[in-house]
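Work through the exercises below with the sequence and the model open side by side. Each task is followed by a solution in steps.

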Amino acid sequence: MLSYTVYSEAGGVGKTSLTANLAVAHARAGLKPLVVPLDPQDGDLSRLLGVDSDRADSSADNLVRHMVNSPRGPFEDLIRTAEGVDVVPEHNMLSDLSDHLAREQSKAEDLGDAYNIYAQLQRVLRESGVGDRYDVLLCDPPATESDHLYNAIYATRNLVIPVEPSWKGQASVEGLAELATNFADQLNIEVGVLGAIPNGVKNTSDQREMLADIEFPTPEVIGDRTSLMEGCWKQQCSAFRYVQEHRRRRRDYEIETLAQLDRIARFLESELGIEAPNAPEPGALEEPA
């Protein structure tokens with residue numbers, strides 16, 4: 001299974017939009033992706049894909065309950081599907097994830113048991129047989145160092161980094177690489193960076209210089225697509241569906257952006273030797289009926 005966490009320390013780099021669109025790109029090619037978003041804020045991936053109806057329902061089962069061994073039903077019942085992508089929707093209880101994990105750790109230690117607070121998402125996914133049922137696992141944690149992030153990294157062991165096209169963004173990439181290395185050393189695991197995706201690039205000379213200094217594979221450089229991504233949030237859908245269903249005239253640069261998302265998905269799949277069974281021509285869309 002291809003598994004990766006999309007993460008950047010810099011805010012506003014399109015992390016959540018990139019995660020959702022890559023998941024749809026994997027699904028378009030005939031793979032089965034599962035997305036586990038972990039952001040406690042309201043402007044999250046569950047909202048982008050329109051599967052957040054139970055977010056504020058305190059009685060609803062949710063991922064945090066499963067991570068602290070207090071589920072109200074099977075893991076499979078948490079899953080919602082949008083555009084061929086299975087999603088474990090975010091819930092307001094994510095805001096208190098660290099407190100819940102700390103209490104579980106304290107109880108375990110009182111009984112003389114070992115407890116790794118960073119391994120609980122991996123445990124839930126393993127016990128639920130996610131590795132046998134899905135081809136791709138994507139995690140979208142909040143843009144802060146937190147137990148949400150560390151659980152995502154521990155579960156996926158790989159990072160995809162959206163890059164802000166600035167020297168500040170470059171510094172955040174370097175800081176993230178150091179963070180991942182330190183976390184891997186601390187927990188005796190291997191964490192890799194599958195690629196960096198510059199996003200919102202306007203092709204200035206400073207940006208070209210910065211892009212040349214990125215030390216990780218850079219399969220595509222995505223231009224400034226603010227209008228396209230804002231449309232996706234408004235309509236609660238991926239860029240693929242937005243262009244197909246909500247654009248009267250398909251703009252060439254938007255079709256090229258879809259093609260870039262397809263090519264990034266193929267690149268990430270190839271990194272783990274996965275061949276998508278029905279990969280479309282990059283950017284190709286079905287004609288509306």
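The model is predicted, so local features need pLDDT of at least 70 and side-chain atom pairs count only at pLDDT 80 or more, while totals for chains, interfaces and linings use all residues. Residues are numbered from 1 along each chain as its sequence is written, and side-chain values use heavy atoms, with hydrogens and water left out.

**Exercise 1.** Identify the buried residues of helix H9 and determine how they are arranged about its axis.

*Solution.* Helices are DSSP runs of H or I with at least four residues, strands are runs of E with at least two, and both are numbered from the N terminus. Buried means under 20% relative accessible area, exposed over 50%, and partly exposed in between, with a 1.4 Å probe and protein chains only. In H9, which spans residues 205-212, the buried residues are Gln207, Met210 and Leu211. Viewed down the axis of H9, these buried residues fall within an arc of 100° (taken from the directions from the helix axis to the C-beta atoms), so they line one face of the helix.

**Exercise 2.** Find the residues that form a patch of negative charge on the surface, and locate Glu174.

*Solution.* A patch takes residues with over 30% relative accessible area and no salt bridge, like charges being joined within 9 Å and nonpolar side chains (Val, Leu, Ile, Met, Phe, Trp, Tyr) within 5 Å. Glu174, Asp206, Glu209, Asp213 and Glu215 make up the negative patch. Of these, Glu174 is found in helix H8 (residues 167-187) and is partly exposed, at a relative accessible area of 44%.

**Exercise 3.** Trace the salt bridges of Arg263 and state which residues they join into a network.

*Solution.* A salt bridge is a side-chain nitrogen of Lys or Arg within 4 Å of a carboxyl oxygen of Asp or Glu, and the count by this rule comes to 13. Glu220 pairs with Arg263, their closest N and O atoms being 2.7 Å apart. Because Glu220 lies in the loop between H9 and strand S8 (222-223) and Arg263 in helix H12 (residues 252-271), the pair ties together parts that are 43 residues apart in sequence. Glu220 is buried at 13% relative accessibility, whereas Arg263 is partly exposed at 30%. Glu256 also forms a salt bridge with Arg263, with the closest N and O atoms 2.6 Å apart. Through shared partners, Glu220, Glu256 and Arg263 are joined into one network.

How values were computed:
Accessible areas come from the Shrake-Rupley method with a 1.4 Å probe; for residues, only the protein chains shown count as cover. Lys and Arg count as positive and Asp and Glu as negative; His and the chain ends are not counted. The place of a charge is taken as NZ of Lys, CZ of Arg, CG of Asp or CD of Glu.
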